[in-house]
Amino acid sequence: MADSTQVFLLLGATLAAFVWGRFRYDLVAIAALLAATILGLVPTDEAFYGFGHPAVITVAAVLVLSRGFERSGLVDLIAEQALRVGDRLILQMLVLTGTVLVLSGVMNNVGALALMLPVAIRMAREHDSPPSLLLMPLAFGSLLGGLTTLIGTPPNIIISSYRADATGEGFGMFAFFPVGASVALVGLAFIVLLGWRLVPQRAGKASREEMFDTAHYLVELRVPEAGKAVGWSLRDLHEAVEETIPVLAVVRGDKRHAGHAFHGSLAEGDILLVEAGPEEMKLIEDKAGLVVGPEPPSDDEAPEDEAPAALRESEEEGAPAEKARGEEASRRPAVDTEGLQLVEAVVRNDSMMIHRTVTQLRLHNQFGLHLVAVARDGGRLNQRLRDIRFRAGDVLLLQGGEGEIGESLTTLGCLPLASRNLTLGQPRLLAVSVGIFAVAVIAMVLDLAPSAVALTGAALASLLVGVLSLREAYQAIDGPVIVLLGAMIPVGQALETSGGAALIADTLLSLGREWPMVATLVGLFMLCTLLSNVINNAAAALLMAPIAASLAEGFGVSLDPFLMVVAISASCAFLTPIGHQSNTLVMGPGGYRFGDYWKLGLPLTLVVMAVAIPLILIVWPL
């Protein structure tokens with residue numbers, strides 16, 4: 001079997017695994033690399049050279065610098081100003097999307113979105129508007145902003161490195177700016193003036209209370225005299241009911257103890273503040289002997305609150321659960337949630353929680369967190385918490401200690417949403433962080449050092465002066481993306497060395513000889529765009545760069561316009577929520593469905609293509 005045929009079969013299986021999503025993309029990439037090595041498509045002594053490739057080092061350095069900007073307070077300072085924009089939706093959208101667009105040009109676009117996402121959520125809640133109208137434009141803005149500079153997005157870095165390998169000189173820091181900035185500005189104008197009207201309006205999901213319906217599910221359970229639970233720990237309670245029902249607080253006398261921090265034994269008269277529905281309430285009453293509500297009224301008091309009995313009668317008569325909950329909530333006084341330290345967070349694409357349950361993660365014992373509720377596609381999941389297998393984009397309602405919850409969320413791979421407070425950094429560190437980055441940019445522009453060396457030096461300087469700690473730097477490096485790049489670079493090279501790229505290019509050449517050159521560029525743009533919407537955009541750039549080079553060689557024209565088309569189109573992952581992490585991150589908080597993205601994404605892609613290709617031919621002539 002010819003090498004090119006083996007490469008096509010391997011890449012076909014790899015792409016199918018990427019789309020399937022059962023295994024994370026870094027594992028798929030490593031498997032593809034090992035398979036290519038075993039088949040002899042990649043020399044054994046070159047199998048892992050991709051991990052030392054300048055593109056991989058540059059991406060890692062940019063991730064560290066991005067975290068430095070966050071820690072120094074630069075982005076929070078910008079976000080604080082954005083919150084003052086007022087209540088006009090178009091102005092909110094312009095400020096939020098424009099801000100993330102600018103930030104994405106100088107830092108990782110996922111990092112820029114992660115920092116502005118809580119601001120957008122907070123703005124939507126303060127003005128009582130659906131967050132869905134702001135979040136999709138925000139995600140798309142982060143992708144458009146990455147087009148403007150070399151470090152804005154991994155595809156730009158990959159394309160520059162490929163050009164350096166092919167011609168001896170890569171693209172400079174601002175080589176992408178003339179086309180990228182024009183495309184980004186036109187895209188921003190389209191989104192703000194017209195495109196936002198194509199975004200589905202998911203009404204009624206702006207507040208945490210509406211998304212999780214927390215007030216309707218918070219129940220007070222009392223430990224009665226000589227009850228079964230007297231002397232039990234909360235762990236004993238969970239084992240008895242065989243259910244991880246969150247105990248948010250234990251009230252004893254005038255003192256309230258947070259559930260995650262209560263390690264004593266339950267005593268008569270203790271009140272447990274529990275997040276539960278009717279089925280769980282009945283389960284707790286039967287197996288633990290707890291009773292719903294406070295102490296029963298004395299004989300001379302009218303027993304006005306009969307909510308638990310009414311709830312049980314509703315269940316026995318087969319009344320809908322929602323009706324029973326509503327009746328119970330209407331009769332029960334509002335529960336005071338002050339001091340419970342509830343926080344919302346969205347599960348990232350690279351989170352260790354994906355495909356795992358609360359029990360498997362040991363969320364309470366290992367991370368000190370209680371899972372209170374889970375929302376998916378904008379609505380609360382009503383199945384048992386212990387049975388939920390988390391997905392990327394899920395929105396979690398968690399309880400934990402104020403001092404540790406931030407670190408726990410970072411370790412788990414979750415992004416805090418509206419409960420994240422803006423914490424401005426020290427002015428000195430802010431100035432130092434910006435100054436270090438400016439020196440690196442000057443070094444790249446003046447060709448004093450390659451981008452990998454200049455940015456790595458800047459990252460090291462940020463660590464030495466204390467902009468961020470070494471631990472934070474390692475946490476900032478997105479391991480799965482680094483592994484993906486390091487593994488797929490040799491596989492992409494195999495596509496070229498085996499003749500597979502030339503074979504694809506010859507097919508496109510034969511189809512395009514009758515058409516103008518611009519038609520071939522349009523075809524290349526569309527092919528790369530479709531690929532980037534089903535696999536990681538960095539992988540799409542790695543696979544399409546050799547094909548673009550073969551096309552340029554076949555036509556006997558300059559390589560640059562073809563590589564630029566790949567760079568722009570690889571970042572146009574606007575059609576699906578799986579094409580880019582930014583899209584996935586807003587799916588849960590925005591309440592979007594899979595089919596919502598193309599409604600704005602397809603027109604935006606066509607606008608980008610219509611603007612980019614003529615500009616590329618002007619700036620980078622054939």
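Let me start in helix H11 (residues 234–241), where arginine 235 and glutamate 239 both sit, 4 residues apart, or about one turn of the helix; helices here are DSSP runs of H or I with at least four residues, strands are runs of E with at least two, and both are numbered from the N terminus. This is a predicted model, in which local features need pLDDT of at least 70 and side-chain atom pairs count only at pLDDT 80 or more, while totals for chains, interfaces and linings use all residues. Residues are numbered from 1 along each chain as its sequence is written, and side-chain values use heavy atoms, with hydrogens and water left out.

The side chains of arginine 235 and glutamate 239 meet in a salt bridge at 3.7 Å, N to O, the term meaning a side-chain nitrogen of Lys or Arg within 4 Å of a carboxyl oxygen of Asp or Glu. Both arginine 235 and glutamate 239 are exposed, where exposed is over 50% relative accessible area, buried is under 20%, and partly exposed is in between, with a 1.4 Å probe and protein chains only.

The structure holds 5 salt bridges, and another of them joins arginine 376 to aspartate 394, with the closest N and O atoms 2.7 Å apart. That pair links distant parts of the chain, 18 residues apart, with arginine 376 in strand E7 (residues 369–376) and aspartate 394 in the loop between strand E8 (379–380) and strand E9 (395–400). Arginine 376 counts as buried because its relative accessibility is 15%, and aspartate 394 is buried too, with a relative accessible area of 2%.

Turning to the strands, E2 (residues 247–252) and E3 (residues 255–258) run antiparallel and are joined by 4 bridges, pairing being called when DSSP finds at least two bridges between two strands. E2 and E3 form a hairpin with 2 residues between them, and glycine 253 in the turn has a positive phi of about 65 degrees.

Lastly, phenylalanine 8 in helix H1 (residues 3–20) touches Leu495, Gly500, Leu503 and Ile504, not counting residues up to four places away in sequence, where a contact means heavy atoms within 4.5 Å.

Over residues 297–339, however, the pLDDT is below 50. Where pLDDT is low, the predicted coordinates should not be read in detail.

Definitions and conventions: pLDDT is the predictor's confidence in each residue, from 0 to 100.
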